[in-house]
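Please look through the structure below with an eye to its aromatic side chains.

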Amino acid sequence: MKHRTIPAFVRPTVIVLLSALLIVAAGLTGCTLSSLNNRDEQAAPPTSATQDVNVNQEVKNETNDPVKPVAVEKSYKVLTGLETTSELADLRPVAISVANDVYSMPQYGIGAGEILIEVPLEDGTTRLTLLTTDYAKMTTIGAISSTRSYLLEICNAFKAIQCFNGSDATISAEEIALYDTLDYESGKCAGMYYYDTTRFDETDLMTNGILVDAGIRKAELNQTTEDGYLPFVFAAPDTRIVAGSASANRVIVRYSDDLNVSYLYNTATGKYVRYQYGEKQVDATNGSEVAFDNLFILCASSVIYESESNKSLDLVIEDGGSGYYITNGTYTDITWKRNDDGTLTFYDATGAVLTANRGTSYIGFITAGAKAGVTVS
């Protein structure tokens with residue numbers, strides 16, 4: 001078989017054509033690869049470095065946003081104005097009557113009262129009544145004693161649930177029924193009170209916070225109440241005011257020939273420490289002294305009822321009267337009245353509602369004739 005050969009004159013031309021074709025093909029291939037590379041670069045996901053920049057930028061933006069502070073609403077105890085939990089802030093107070101003679105001392109619980117009320121009795125002694133909203137934690141309270149018609153009115157001014165053991169002959173069971181009470185003598189409070197036979201008087205009646213709480217629930221009494229019954233307003237939180245320019249480092253209240261109650265101001269604690277029968281009065285629960293941030297001495301008109309068998313005293317709360325406000329080593333004259341709704345209001349010398357320091361308070365009622373026996377120095 002014969003093989004054709006390319007003539008010699010044609011060879012250079014063929015080589016040139018082949019070379020040209022190869023160059024064109026290479027160019028086309030380069031363009032295609034270049035376009036593919038560009039397309040891949042556009043479609044590729046961002047690198048980790050790019051992601052970090054974007055995330056950091058987002059975090060930075062969030063960090064730079066202004067942070068709005070969350071307003072925390074504080075709750076305060078109604079009787080003391082001191083900070084507490086929201087659950088305790090609207091609790092209704094209880095008022096527990098405690099005997100106050102030489103045979104009943106030392107009493108349990110009187111140092112834990114947020115307000116301690118003292119009223120005179122017909123025999124020259126006094127009756128103490130502790131008011132508190134934080135009663136559930138109290139371990140022992142007593143000796144529980146009787147109430148009086150004017151004491152019922154005073155405690156009702158604080159919307160309190162009243163705990164006591166009977167009353168004198170000047171008030172009927174029908175009148176007592178007008179108030180929210182847990183009266184041992186009524187026979188409806190079984191299990192709420194008990195006798196402490198270890199006391200000097202084996203008939204001393206006692207209770208505690210758990211029993212009081214159970215008694216309130218058993219009687220289905222309302223356990224909460226609205227604010228607005230305190231007879232004064234509190235100073236701003238974290239402030240301490242003076243009552244006036246006159247000094248009050250020692251206060252003596254002469255309830256009778258046999259009973260002088262005195263208070264000494266402790267500059268270190270800012271409280272007035274109570275003394276009775278010449279000795280510092282203590283709470284038998286823990287031996288702590290009985291002391292208060294505020295003292296209110298209130299004078300009231302009084303009536304004595306006498307018969308062949310007995311004598312009784314009645315304070316005329318409806319008339320209001322004069323008095324003293326004592327705090328922070330100072331004192332001032334005040335007036336007070338009973339309002340139409342049964343609450344009390346204390347007024348300063350200008351006629352404005354009295355402003356008092358936050359903390360515990362003592363409110364001592366005395367007969368108008370006993371005002372001359374009050375000494376403040």
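This is a predicted model: local features need pLDDT of at least 70, side-chain atom pairs count only at pLDDT 80 or more; totals for chains, interfaces and linings use all residues.

A pair of aromatic rings is described by the distance of the centres and the angle of the planes. Across the whole structure, a search finds 14 aromatic pairs.

**Pairs between strands**

- Tyr 263 and Tyr 362 form a tilted pair, with 5.0 Å from centre to centre and 50° between the planes.
- This pair links distant parts of the chain, since Tyr 263 belongs to strand 14 (residues 260-266) while Tyr 362 belongs to strand 26 (residues 361-367), 99 residues apart.
- Tyr 263 and Tyr 362 are both buried.
- Trp 336 and Phe 365 form an edge-to-face pair, in which the centres are 5.6 Å apart and the planes make an angle of 85°.
- Because Trp 336 lies in strand 23 (residues 330-338) and Phe 365 in strand 26, their pair ties together parts that are 29 residues apart in sequence.
- Trp 336 is buried, and Phe 365 is buried as well.

**A cluster and a charge over a ring**

- Phe 232, Phe 234, Phe 296, Tyr 325 and Phe 346 are linked by ring pairs into a cluster.
- Arg 358 lies over the face of Tyr 76, at a distance of 5.0 Å from the ring centre.

- Val 102, Tyr 103, Phe 200 and Tyr 277 make a nonpolar surface patch of about 480 Å².
- Tyr 277, one of these residues, sits in the loop between strand 15 (271-276) and strand 16 (279-280).

Note on methods
Residues are numbered from 1 along each chain as its sequence is written. Side-chain values use heavy atoms; hydrogens and water are left out. Rings of Phe, Tyr and Trp (its six-membered ring) pair if their centres lie within 6.5 Å; planes under 30 degrees apart count as stacked, over 60 as edge-to-face and the rest as tilted. Helices (H or I, at least four residues) and strands (E, at least two) are DSSP runs, numbered from the N terminus. Buried means under 20% relative accessible area, exposed over 50%, partly exposed in between (1.4 Å probe, protein chains only). A charge sits over a ring if NZ of Lys or CZ of Arg is within 6 Å of the ring centre and within 35 degrees of the ring normal. Patches are made of residues with over 30% relative accessible area and no salt bridge: like charges are joined within 9 Å, nonpolar side chains (Val, Leu, Ile, Met, Phe, Trp, Tyr) within 5 Å. Accessible areas come from the Shrake-Rupley method with a 1.4 Å probe; for residues, only the protein chains shown count as cover. A salt bridge is a side-chain nitrogen of Lys or Arg within 4 Å of a carboxyl oxygen of Asp or Glu.
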